[in-house]
Amino acid sequence: MLARSAFRAAQPLKMNARRYATESGAKGGSNALLYGAGAVGLAGAGYFFLGGSSSASKAENKAKEAAGVTPKVAFTGGDQGFLSLKLAEVEQVNHNTKKLRFELPDKDQVSGLYITSAVLTKFKGANAEKATLRPYTPISDEDDKGFVDLLVKKYPNGPMSTHIHDLKVGETLAIKGPLPKYPWSENKHNHIALIAGGTGITPMYQLVRAIFKNPNDKTKVTLVFGNVTKEDILLKSKFDELENTYPQRFRAFYVLDNPPKEWVGGSGFITKELLKQVLPEPKSDNIKLFVCGPPGLMKTISGPKVSPKDQGELTGVLKDLGYSSEQVYKF
């Protein structure tokens, strides 16, 4: 996950938190202590051709579904092995992050991913005894045909991220999926909160995108997102668009570990004070909190996940605030 796990004392800051249009302003002061993620995880940061899917492609998929035609899928799960997917496009996002588009075997295929799910990548170095396996949450839409997009941050000693960054257009990467995460259906919860650091945002984005593309889903969403610098913020343009389009249902809080002088958001780390201010109350009806980020964030906010099938004990800030393990999911 994220490399940096050390925590330092957060600095207080006065912040005008954007609230749902249907809510009145917070009573009293609006001081909040925020978190800046120390590094970036499963993928990278930045915004560029992340919309990915075309309206024509989606319309065609919907027309086929209406006619009872099921789109062909690339990743079928189960006993399907790894697919060798060709790298079609590469774009540099920032100093250590790339967005990579991999072609599916058939241009008429969709990925076969669903909300929420990920893919598993595999690479075996020339002198390695065992293959390296790493999960990534694609940023492309599940309806996109012919490709899947990954956003990958390169780590100094990361074998998989280094390998992916070194790939040239035309070379291949072994990928399989889908890896199931939290099963989602429209209006499953009244209100969800997403607490992310760095590229722990990618599974959150996948979920948010699905909620707001579905006109029948009325779920409210609160996002708390920490990064090191402004350049590390992933998908902010997309989230800004959602805030402007759905002010009654979506709000986002951004914090930076090393903010620029002109930064008007938060600085420091996510604290109990901030989460108490912006999250739905533990006693609220039908809520769910999702957490994904660096080991330090996970330990402090929710406690670490033991394994893909074991969420581990709920500890940290969320437990202190009165949330139950049933109300929290760790990606």
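**View 1. Strand β11 within the predicted model.** Strand β11, spanning residues 220-227, has seven of its eight residues buried, so the strand is largely enclosed by the rest of the structure. The model shown here and in the views that follow is a predicted one. Buried is used for a residue with under 20% relative accessible area.

**View 2. Pairing of β10 with β11.** Strand β10, made of residues 191-197, runs parallel to β11 and is joined to it by seven bridges. Within this pairing, I192 is found opposite V221 of β11. The two strands also belong, together with helix α3 (residues 201-213), to a β-α-β unit that is right-handed.

**View 3. Pairing of β11 with β12.** Strand β12, which covers residues 250-256, pairs with β11 through seven bridges in the parallel sense. Here F225 stands opposite Y254, a residue of β12.

View 4. L235 is placed in the loop between β11 and α4. Its phi is near 65°, which is a positive value in a residue other than glycine. The relative accessibility of L235 is 0%, and therefore this residue counts as buried.

View 5. N286 sits in the loop between α5 (272-278) and β15 (287-292). Because its relative accessibility is 32%, N286 counts as partly exposed, a class that lies between the buried limit of 20% and the exposed limit of 50%.

**View 6. The cis peptide bond from I115 to T116.** The peptide bond that leads from I115 to T116 is cis in the model, and its omega is near -10°. T116 itself belongs to the loop between β5 (97-103) and β6 (117-123).

**View 7. The cis peptide bond between G177 and P178.** G177 and P178 are joined by a cis peptide bond, for which omega is about -10°. P178 is located in a strand, namely β9, which is formed by residues 172-180.

How values were computed:
Residues numbered from 1 in each chain as written. Predicted model: local features only at pLDDT ≥ 70, side-chain atom pairs only at ≥ 80, totals over all residues. Heavy atoms only, no water. Buried < 20%, exposed > 50% of the residue type's maximum accessible area, 1.4 Å probe, protein only. Helix = DSSP H or I, 4+ residues; strand = E, 2+ residues; numbered from the N terminus. Pairing = 2+ DSSP bridges. Right-handed = clockwise from strand over helix to strand, strands pointing away.
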